[in-house]
Amino acid sequence: MGETYAINAGDQPPARTVLCIGDIHGYFSKLESLWSNLEAAVGTAAFQTALVIFLGDYCDRGPQTREVLDFLLSLSSRYPNQSHVFLCGNHDFAFAAFVGALPPPPDGSPFSATWAEFKLNKDREGWFEGEGYELMHVQGRRWGGFIQDKWNPKKNMAYKGSIYDGEPTFKSYGVAHGSPDLVKAVPDHHKKFLASLVWVHEEDNVWIDHLGGRLCCKLIAVHAGLENSISVDEQIKFLKAKDTSIPKVKDLSGRHDVWNIPQELTKEPTIVVSGHHGKLHIDGLRLVIDEGGGFEQNPIAAIILPSMKIVRDTDNMLVQP
């Protein structure tokens with residue numbers, strides 16, 4: 001990317017281990033394997049005190065969303081000396097919208113005001129029209145709908161129920177896809193977890209091995225990325241406010257428009273880490289960690305900082321003390 005920063009190649013303070021874990025998409029067994037491999041990669045001592053940032057998209061496509069959420073909710077008691085950050089992905093946003101776990105729009109507008117922007121897609125996407133739809137954000141209606149197309153050409157795979165591939169999430173809670181019974185089937189502690197997901201996380205003094213030395217950076221974690229056309233401060237303020245009056249949050253669901261680090265962040269060393277994009281991409285301080293993409297045949301991956309080591313669930317590792 002062309003940035004040059006002052007590199008500390010001499011004595012450095014001990015750097016806290018930071019683990020950034022890519023999209024899980026309901027693959028609980030993969031998550032368990034990745035978790036074990038991360039402990040093996042950094043050693044038990046560093047693992048026990050690590051900052052762990054989950055980059056979002058815990059649900060859909062894979063078969064075990066319920067087990068994934070139970071695992072994530074157990075971490076604070078199992079690893080009390082770790083710090084855990086749970087980002088909201090676009091799939092999690094839509095899941096939360098369906099089960100009534102989104103915070104209300106701060107301007108007091110109804111969720112039905114979000115429908116108009118996507119209304120031309122309503123018939124093709126087969127939006128949810130069951131019990132409770134009148135009070136639902138548009139992404140919840142899309143998530144619980146029945147898409148008319150059977151094949152997703154962009155992903156070269158069949159749709160799983162809806163445009164979000166939400167059917168496996170319904171099934172993980174024991175209900176049929178598109179059933180309003182999911183609202184009752186999802187336990188309250190899962191709804192509270194979905195409601196608590198953050199849209200952005202900022203962390204100071206994150207060390208990264210870079211260009212032959214070790215660089216102290218600010219880190220910004222957001223599921224898809226940050227737009228170049230809007231000031232970063234404005235985006236951060238919006239993301240922290242969790243403004244659900246917006247039909248589609250680009251920082252959680254965008255593609256090309258959130259791919260690069262905004263130019264204003266290149267003046268000081270700033271890591272921008274995301275998942276979402278269905279690929280593993282390391283370009284300077286721009287980290288995209290989503291090797292799995294929700295595909296059954298792909299591994300889920302994580303990156304370790306400061307070492308920049310990539311760890312996958314498919315790695316064969318043994319835990320070292």
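Predicted model: local features only at pLDDT ≥ 70, side-chain atom pairs only at ≥ 80, totals over all residues.

Q: In which loop does Pro 306 lie?
A: Helices (H or I, at least four residues) and strands (E, at least two) are DSSP runs, numbered from the N terminus. Pro 306 is placed in the loop between strand E11 (301-305) and E12. A cis peptide bond, with omega of about 15°, joins Leu 305 to Pro 306.

Q: In what order do the strands of the open sheet stand?
A: Two strands pair if DSSP finds at least two bridges between them. Here 5 strands form an open sheet of mixed pairing, ordered E3-E2-E1-E11-E12. E3 and strand E12 (309-312) each have a single partner strand, so one side of each is left without a neighbour in the sheet. From one strand to the next, the twist averages 20°. Strand E1 (residues 18-21) pairs with E2 in the parallel sense over 4 bridges, and Leu 19 has Val 52 in E2 as its bridge partner.

Q: Which strands does H3 touch as it packs on the sheet?
A: Axes are lines fitted to C-alpha atoms, for helices over the stretch in contact (heavy atoms within 4.5 Å); angles run from 0 to 180 degrees between N-to-C directions. H3 touches E2 and E3, and its direction makes about 155° with that of E3.

Q: Which residues of H3 are buried?
A: Buried means under 20% relative accessible area, exposed over 50%, and partly exposed in between (1.4 Å probe, protein chains only). In H3, the buried residues are Thr 65, Val 68, Leu 69, Phe 71, Leu 72, Ser 74 and Leu 75. Their packing partners include helix H1 (28-42), helix H4 (90-98) and helix H9 (188-196).

Q: Where is Arg 61, and is Arg 61 buried or exposed?
A: Arg 61 occupies the loop between E2 and H3. With a relative accessible area of 8%, Arg 61 is buried. Its phi is near 70°, a positive value in a residue other than glycine.

Q: What is the phi of Asp 165?
A: Phi of Asp 165 is near 60°, a positive value in a residue other than glycine. Asp 165 lies in the loop between strand E5 (157-158) and H7, and counts as buried at 1% relative accessibility.

How values were computed: Residues numbered from 1 in each chain as written. Heavy atoms only, no water.
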